[in-house]
Amino acid sequence: MRSLVRGVFLSITFAAPAMAEPRSFSVNDPSGKFLVEAVFPDVPQDVQQLARALITVRDRTTLETLQQLQTPAGNVPQDRNGATRADHLVGEYGLLYFADINGDGRQDLAIRNGEDANESLQYHYDVYLQDPVKTQWVLNRPLTDLANETFGGMFSVAKDGIIHSQTNRGCCWTRSSRLHMRDGELVRLDSYTQQQVPPTEDGENSSMPRGYMLRTTGEWKDGKWQETPRLEGPVNEDPQYLVGTLNGKIPVQLWYQQQGAVLIGEVRYTKSGSGKPIKLVGEQGEYDGKAFDYLFEYTDDGHQTGIWRITQETVEPYRYSGSWVAAGKGNTPELEIQLQREDREPEYDKLSEVARDQRSGHYQMRDDFLDRDGDLDLTILPERDAEGRELAQFTLTLKATGTSKAIVTAHHTVPMETENLIIVRDPLASKRAGPYHIQLVKNFAVIEHNSAPDSLDYLTGKYRKQP
């Protein structure tokens, strides 16, 4: 709570069950000049509900009434037991908010007045600025509108007079702004907007994977407001560290992290094999109505050796279960997975995105489920396009495993969408297969089409980076 509450006392005391009686609260403003009283004539049985409140501002020394205000929808600053909650009385989430908002040295006041019907935690406030001539407070419409757009509570005012506000729209759009009052007008200094980019649907002339954000910076340049968009990502989730057994008797230890649409990680068979970590790459999916994380084991040369299908149970202690199957072509038995979380210190060098100087090179996939070998030779060129984007030059070849008969070859030079994402659109992409993207992660290049059926000439695959 940024505002300093110098004194809070109850004007009326009563037993907690008598919730329908009036209730009053008094507080000294931070300047020490005013006493502000809030009276709720009718306190609702459920104190979470908003209620009408009368606000009286008095001279603290003489107790003279300076002004009376009201709100039809203020929050009752007490808990279910009738105790006063100071943070619900004064502050960015309280009934009252004090600050010198316009920088004129006078104490201004905001009063809680409802909440957004469609957005949770978006509270509404009426913002009053102190009149410079007489000790009265006047509603300011632009500041009130800003307060009602601000997510979580009132906007905040820093010591330098800068107003900080954040606006959210649903799950996938947010804007942070810095503003201040100049000559009585509200002026936006700069802004930062973040918007989730939806993944491309089949049939569109792109192949955007999920997990990327469009971040737009707004600022004044040469007297003009300019907004500069930039695609960034992928969004990385916290890693999962798991330990347990395979088939009830083979000890395993693994970790994995979601980076946009791709999962990366490692598994180690602690008492069998070489004991060295095996690289994992995969994606999320569904099986039999449940959400699963699919992780594929890969050797250094690009052969797939096993498939992990992991789901988290929905009841305590929220263990992880699923199955493991060898990546052979025939019918191989599934082995039961029993895993639980493990407290481990993260190895941050493994969790970071692929380094810029490690992106170029040769990637390969060997003997996938369609009996194909894939080779990707990628070079990030030193020059950039007219928009300042890096250029990626690559050759991608698929051949039949065993016969080395060519299936499809692609050779293109295209601008990179981000440091780790390449999208091939029409007309470069073949008409039948359509647009596709290449997402670079540590140790792999993951290639996906908008729609990727089990067809030989689709470039879909997980290509292992070679030394």
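Buried means under 20% relative accessible area, exposed over 50%, and partly exposed in between (1.4 Å probe, protein chains only). The model is predicted: local features need pLDDT of at least 70, side-chain atom pairs count only at pLDDT 80 or more, and totals for chains, interfaces and linings use all residues. Residues are numbered from 1 along each chain as its sequence is written, and side-chain values use heavy atoms, with hydrogens and water left out.

**Exercise 1. Confidence**

Find where the predictor's confidence is lowest and where it is highest.

Solution. Start with the scale: pLDDT is the predictor's confidence in each residue, from 0 to 100. The protein averages 91, and 95% of the residues score at least 70. Next, go to the strands (DSSP runs of E, at least two residues, numbered from the N terminus). Strand β1 (residues 8–10) has the lowest confidence, with a mean of 36. Strand β24 (residues 361–365) has the highest, at 98. Finally, check the start of the chain. Over residues 1–19 pLDDT stays under 50. The model has 47 contacts (heavy atoms within 4.5 Å) beyond four places in sequence for that stretch. Where pLDDT is low, the predicted coordinates should not be read in detail.

**Exercise 2. The barrel**

State the strand order of the barrel and its pairing.

Solution. Two strands pair if DSSP finds at least two bridges between them. Eight strands close into a barrel in the order β16-β17-β18-β19-β20-β21-β22-β23, with antiparallel pairing. From one strand to the next, the twist averages 30°; axes are lines fitted to C-alpha atoms, for helices over the stretch in contact, and angles run from 0 to 180 degrees between N-to-C directions. Now zoom in on one pair. Strands β22 (residues 320–326) and β23 (residues 335–341) run antiparallel and are joined by five bridges. In β23, L335 stands opposite W324.

**Exercise 3. Surroundings of Q240**

List the polar contacts of the Q240 side chain with Y320 and R341.

Solution. Locate the residue: Q240 lies in strand β16 (residues 240–246). Apply the test. A polar contact is a pair of N or O atoms within 3.5 Å; within protein, one must be able to donate a hydrogen and the other to accept it, and residues adjacent in sequence count only if both atoms are side-chain atoms. The Q240 side chain meets the side chain of Y320 at 3.0 Å. It also meets the side chain of R341 at 3.0 Å. Leaving aside neighbours within four places in sequence, Q240 is in contact with L254, W255, Y256, Y320 and R341.

**Exercise 4. The disulfide**

Identify the disulfide and give its handedness.

Solution. A disulfide is a pair of cysteine sulfur atoms within 2.5 Å. C171 is joined to C172, S to S 2.2 Å. The torsion about this S-S bond of C171 and C172 is about -50°, so the disulfide is left-handed. C171 is exposed, because its relative accessibility is 74%. C172, at 25%, is partly exposed.

**Exercise 5. Backbone exceptions**

Locate the cis peptide bond at P234 and the positive phi at D288.

Solution. Most residues other than glycine have a negative phi, and most peptide bonds are trans. A cis bond joins G233 and P234, with omega about 5°. P234 is in the loop between β15 (224–232) and β16. Another cis bond joins E316 and P317, with omega about 5°. Turn to phi. D288 has a positive value near 55°. D288 sits in the loop between β19 (278–287) and β20 (290–298). D288 counts as exposed, because its relative accessibility is 72%.

Note on methods
Helix = DSSP H or I, 4+ residues; strand = E, 2+ residues; numbered from the N terminus.
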